[in-house]
Each structure stands twice: as structure tokens, then as C-alpha cells.
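This report looks at salt bridges in a predicted model. Have the sequence and structure open as you read.

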Amino acid sequence: MRVSPKPINSFTISISIMLTFAFFLLFFSGFFHFPSASSPFPPIARPSAAQPFTDLLGAFSKWDSQVGCARFKDKPYGLPLNQSKVSSLQEVAHCGGLKLNHVTVLVKGWTWIPDNLDNLYSCSCGFSCLWSKSPVLADNPDAFLFESSTPPVQRRVGEPLRVYMDLEAGRKRSGREDIYISYHAEDDVQSTYAGALFHNGRNYHVSNTKDRDILVYWSSSRCLSQRNELAKKLLGLLPHHSFGKCLNNVGGLDMALTLYPECANDVNVTPKWWDHLHCAMSHYKFVLAIENTFTESYVTEKLFYALDSGAVPIYFGAPNVMDFVPPHSIIDGRKFNSLEELASYVKLVANDPVAYAEYHAWRRCGVLGNYGKTRAVSLDTLPCRLCEAVSRRGGRNAGS
């Protein structure tokens, strides 16, 4: 016998519609979350809800458990980063073409190059290099190095080659040199500011705690109007300590040692302002670094001091700065649409221990990127690299 279908109760229809509507509402509101096939892992170190922290080692531990070096190394940080018209860093030269087994360089006149660069170096390629400020020790030089003075107008065969160095932003040749040293890769010999010789005599005590409330360190005693104006606007949006003569808000020029007495190198010696630089910086999550001028490849010690102190630099300067630093190690202020947007991002990172720790991952995971090359062509290696250039030209025997 054929059974007639039962009529559908209108109440049942209403309930079904309500349940379906509720499901889609919860789904699109994010209550239900289904993993994406294209994204098997959550984003690395995206700033999240505020978790103010002071313990740097604790932040590292959280990052290790949530991210880790293996996933950090898979990120495309540093590819591609070169925004300049030419390569930002010189390649280390090969051994071919050397004409001298030993080269002597005599540094002439005043120079800011530290005295402890004077030495006899055993360089690669099997030759030696004597670099000295003493005309007694370097009595028969193959090259004269000038920085604060201008080389002679003429040079005859048999006389030392004339080397001129200018690491200032203007990067202007003397017009009289045989070899030119600057910070730029397109010149004869490049010397970056990343070397350890820029840090002699500093207190390298690094704090393992960060200030919870004061986020940014800044210090400047050369109050250039453009730099001061930029610093004033940004620091007005962020809690900060400003040391030095410019925009000082800590009550004096020597307050760093009052705030952080552990930063004194020797309590019996009157400290210089730079003695406690790294140590004081290390107590802050961020260091503001603003170059005197925004010029391609002009990346100075202002940035590298901050990196070495264990802080995260907020940087304004060379447009190709990422060619010189480790992957994901700095905040490039010029990449933000406004200072307000930058300040908001800094606050987010400051309150997220995992996001903050990721800015230190390069150091802890050994991911150097171009930074290895930056150190390889720094002032630390200049003697051997200059001596190689002199050797290739034949030293005193080079044509006039």
C-alpha cells in the first residue's frame, strides 16, 4: 500500500533555517576556523595582543617554542634586497695579479683611524702588509695614505702610490690620488663602518632586561636641524630617553651612568660619553639611528652600534640599507607611510615578546645575509685589502 508523505512541519523548517544562519554567522565571524591548505603554519611573529615584557631571555624562549630557527631560515628575508643601481658591496678580490709579496703603507697626517690598526699583517694570498703611522717603521713605503690632507699634485715612477680616503657622506675625490677609498662599492677600495675597530674601549655589558615603559634610546650631540626635527616628531609619539645635547630629556649629559652605574668601565677614571654607549643602549628595546644625510650606501656606526648593543634599530638613512644588515634586524623608518604608522608598529612589537625576539633571530640562528660581506669589507680588513690593491699596481714601480 502506498503511504502518503507526511507534511513538513513549518516549525521544523524554521528551526533548520535558524541553525543554518547561525552556522554561517559563526563561520564568517571566525568562531570556527579551518586550516588553509596553502598555509600549514601560522604567520611568524606577527604582533599580537599586548604582552608587555622586560625579560629578553624569556622573550627568546617564547620565540624558540613558537617559531624556532628552522622556520626563520625558511623565510625569504633578504631576497631580493638590493635596491641600488650597482652592487652595494665589493667582492673580496682573488689572488691573481699580485706583483709584490710585501707592501708597506705609511699613513700621513692626522686621521681618525685608530692607532691600533698599526700592525704587520699576514694577509691571504701569501703576502704581508705593514700598515703604520710611523715614518721610522715604514721607512720605505709603497704607498702614502692621506685622509685629512691632500696628496701631492704629481707622482713620479719610483715614488709611493698616493692613496686618498674619504668616508664622509659627500665622498669627494681629491683628484690627485692613484687609489681612492670610500664607503661605496663603485670606488677603488670600499670600507664600511661595520668593523669592530669603531668600538674600541666600550663597555660591552649587555643587559638581559629591557625597560618596560621607556621604549626608545636616542643620543645625539650634533644637532642638525633636519635630523633634530625628524627625531622630535617621532620621539614625541613614543616613550623615550634622549641623551646627549640634542633634545635631552634625562636631566643632563652624563645621566646614563646615573641610571645605569654598571655601565662604568672604571669608577676611578672620568668617563667619556662613548664609554657607556653600548651598555646604556642595551637597556632599551629600540635605538633610534638617524644618519646625517640619506645617501646610497652611507650606512654608519650609528646603526651598527645599535645592532651590537642588542637593541633593535629604528633607522632613517641609506635607501639601500638592507643590503648591509642581517635579515629582519632593523625597522626601516622610511618604509612606513607616516611617523604615526611607524610609532604604532613599534608599540605593537614592543608589547609582543615573540615579535620582538624575531628581530634578534639572525644573531641566534646564524643567519647573516649580506652582513657577512659588510663585515668583510669593513675598516677591520682595510689594511690587507688596500695592500692588495697597491700590490696589483706594482707599488713604487707603477707608472706615473
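## Asp 115 and Lys 133

Asp 115 is exposed, because its relative accessibility of 57% is over the 50% cut-off. Its salt-bridge partner is Lys 133, and the closest N and O atoms are 2.7 Å apart. Asp 115 sits in the loop between E1 and strand E2 (119–122), while Lys 133 sits in the loop between strand E3 (128–132) and strand E4 (143–146). The pair therefore ties together parts that are 18 residues apart in sequence.

Lys 133 has 25% relative accessibility, so Lys 133 counts as partly exposed.

## Lys 373 and Glu 91

A salt bridge also joins the side chains of Lys 373 and Glu 91, at 3.3 Å from N to O. This pair links distant parts of the chain, 282 residues apart. Lys 373 belongs to helix H11 (residues 371–376). Glu 91 lies in the loop between helix H3 (69–74) and strand E1 (102–108).

Glu 91 is exposed, at 57% relative accessibility. Lys 373 is partly exposed, at 38%.

## Arg 156 and Glu 159

Arg 156 pairs with Glu 159 in a salt bridge. Their closest N and O atoms are 3.8 Å apart. Arg 156 has a relative accessible area of 54% and is exposed. Glu 159, at 30% relative accessibility, is partly exposed.

In total, the structure holds 11 salt bridges.

Methods:
Residues numbered from 1 in each chain as written. Predicted model: local features only at pLDDT ≥ 70, side-chain atom pairs only at ≥ 80, totals over all residues. Heavy atoms only, no water. Salt bridge = Lys/Arg side-chain N within 4 Å of Asp/Glu carboxyl O. Helix = DSSP H or I, 4+ residues; strand = E, 2+ residues; numbered from the N terminus. Buried < 20%, exposed > 50% of the residue type's maximum accessible area, 1.4 Å probe, protein only.
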